[in-house]
Amino acid sequence: MLSIYANVIRSRGADFGCDPRLLHYLDDNRFLSWSGSGTPDHHHYGTGGLVQHTCEVLTISLESARLVGLNFAENAKQAIVYASLYHDIGKLWSYELDVLGRWAYSRTNKEQGHIARSYHEWMKDSAGVLSDYMIEHVAHAILAHHGFKDWGSPVTPKTRLAWLIHSADYMSANLSNPLETHHG
Ligand SMILES: [Fe+2]
Ligand SMILES: [Fe+2]
């Protein structure tokens, strides 16, 4: 499946020198076709919604950093790509197609939730590939991306990266449907 959103993420990853082993989801049809939600009244519902939302989070994060004059080094830009790509990757296990071909919540979503699963997949994929500092830096942004404990994050943002990802996530989620409030 071709995805303009995946190509944008791929090209930012290449620009900043990201490790290709951590961009493998961009070639994964499951990621490219997945929904961003398990119910139509939540953000980015429907086929291709997850990669679109992921691309929006990356683009808004990079633009926000630029607008406020953050002069990020190359490895900080890599962290933005990794955190954007992995922040909701757990949704691959949270949603599934039902017998009528509609996106729905899975049993895994009830039992783990997508943030815990995203964290798990990031820790598994990045082990032995990146420095311990980068792994922990991105892990925090993934865990904090909903911004508040009441909104499902086990920790609140403590770093600039975590604030960028949370803010971009919130904006992408809510601009997708101005009549609803979503915690991406
Ligand atoms: Fe999100
Ligand atoms: Fe999320």
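Which residues does tyrosine 82 touch, not counting residues up to four places away in sequence?

## Tyrosine 82 and the nonpolar core

In this predicted model, tyrosine 82 touches Cys18, Leu22 and Val138 once residues up to four places away in sequence are set aside. The largest nonpolar core has 40 residues, and among these Tyr82 and Ala83 touch the most other members. At least two residues of this core come from each of α1 (4–15), α3 (49–67), α4, α5 (91–94), α7 (114–126), α8 and α9 (160–175).

## Packing of α4 against α8

Helix α4 spans residues 74–87 and helix α8 spans residues 132–143; their axes come within 9 Å and cross at roughly 45 degrees. This angle makes α4 oblique to α8. The crossing of the two helices is right-handed.

On the α4 side, the contact is made by Asn75, Ala79, Tyr82, Ala83, Tyr86 and His87, and on the α8 side by Met134, His137, Val138, Ala141 and Ile142. By class, the residues of this contact are 8 nonpolar and 3 polar, with no charged residue.

## Serine 106

Serine 106 lies in the loop between β2 (103–105) and α6 (107–111).

Apart from neighbours within four places in sequence, serine 106 is in contact with Trp93, Ser94, Tyr95 and Glu96. Tryptophan 93 is 13 residues away from serine 106 along the chain, and the C-alpha atoms of the two are separated by 7.1 Å.

Note on methods. Residues numbered from 1 in each chain as written. Chains lettered and ligands numbered in written order. Predicted model: local features only at pLDDT ≥ 70, side-chain atom pairs only at ≥ 80, totals over all residues. Axes fitted to C-alpha atoms, helices over the stretch in contact; angles between N-to-C directions. Helix = DSSP H or I, 4+ residues; strand = E, 2+ residues; numbered from the N terminus. Parallel < 35°, antiparallel > 145°, perpendicular 65-115°, else oblique. Left-handed = near helix turned anticlockwise from the far one by under 90°. Contact = placed C-beta atoms within 7 Å. Nonpolar A, V, L, I, M, F, W, Y, C, P; charged D, E, K, R; others polar. Core = buried A, V, L, I, M, F, W, Y, C linked by C-beta atoms within 7 Å. Buried ≥ 20, exposed ≤ 12 C-beta atoms within 10 Å, placed from the backbone.
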